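Here is a structure to get to know, one question at a time. Look it over before reading on.

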Amino acid sequence: MKVVKYIIAGLSLLLILVILPGIVKPALNWEQNLQINRPVKSVYFAMINPMKMGEWIDGFEKVEALGSFSSGAGSKYLLTLRVGDEIIKIREEITSFKWKEELGLLFHLPQMEVDVTAKFSYENRQTYLNIQTNVRGNNPFQRSVLVFFQKRIQQRLDQNFLNLKSLLEEKSYHPVPH
């Protein structure tokens with residue numbers, strides 16, 4: 001009987017140690033600031049145009065509109081990404097749309113939700129982009145797993161915005177139709 005108690009106590013302790021990080025840190029938050037040598041109109045358009053996503057989002061395969069194909073608040077899309085050998089479907093919702101000022105995006109994944117708010121400003125022929133990212137696991141276990149993968153998740157998302165910056169600063173790139 002003592003052995004069973006020790007096993008139960010050991011398993012309970014293990015469960016607490018696995019879930020505790022997600023309880024202590026239920027969400028991951030970070031900020032990224034970019035200075036892009038392009039007009040704010042070009043930067044904003046490149047971010048909201050679903051047809052341009054494949055040019056700056058790593059692993060991007062396709063986008064499908066869930067409803068009408070618009071870019072205003074409430075618009076929803078289904079993004080398909082390839083990460084290694086795995087295909088991931090992500091529901092994207094535009095939560096905030098203030099032309100050339102702010103863009104809010106909420107990404108729904110099976111394990112987590114990623115809330116991104118990008119604020120735009122323009123000064124001295126430069127667009128300044130402030131990106132706030134909040135990642136939340138969908139249950140205590142997934143929140144705990146996120147804590148262990150925070151650096152990898154942050155690097156991947158930050159790299160996509162650096163890809164956007166590089167793409168926009170190419171002389172031949174025109175995100176806005178002429």
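**Questions on the predicted model**

Q: What percentage of the residues count as buried?
A: Buried means under 20% relative accessible area. The protein has 178 residues, and the share that counts as buried is 40%.

Q: In what order do the elements run from the N terminus on?
A: The protein has 3 helices and 7 strands. From the N terminus on, their order is α-β-α-β-β-β-β-β-β-α.

Q: Which residues have the most contacts inside the largest nonpolar core?
A: In soluble globular proteins, nonpolar side chains tend to be buried together. The largest nonpolar core here has 39 residues. Those with the most contacts inside it are Met47, Phe120 and Leu129.

Q: Which residues does Phe120 touch, leaving out those up to four places away in sequence?
A: A touch here means heavy atoms within 4.5 Å. On that basis, Phe120 touches Val40, Val43, Tyr44, Met47, Lys100, Glu101, Glu102, Leu103, Thr127, Tyr128 and Leu129.

Q: How far apart are the end C-alpha atoms of helix H3?
A: Helix H3 covers residues 140-169, which is 30 residues. At 1.5 Å a residue, H3 should therefore span 44 Å. The distance in the model agrees with this: the end C-alpha atoms are apart by 41 Å.

Q: Where does H3 bend by about 70°?
A: The bend is the angle between axes fitted to the seven residues ending at a residue and the seven starting there. In H3, the bend of about 70° is at Phe149.

Key
Residues are numbered from 1 along each chain as its sequence is written. This is a predicted model: local features need pLDDT of at least 70, side-chain atom pairs count only at pLDDT 80 or more; totals for chains, interfaces and linings use all residues. Side-chain values use heavy atoms; hydrogens and water are left out. Helices (H or I, at least four residues) and strands (E, at least two) are DSSP runs, numbered from the N terminus. The expected span of a helix is 1.5 Å times one less than its number of residues. Buried means under 20% relative accessible area, exposed over 50%, partly exposed in between (1.4 Å probe, protein chains only). A nonpolar core is a set of buried Ala, Val, Leu, Ile, Met, Phe, Trp, Tyr and Cys residues joined through side-chain atoms within 4.5 Å.
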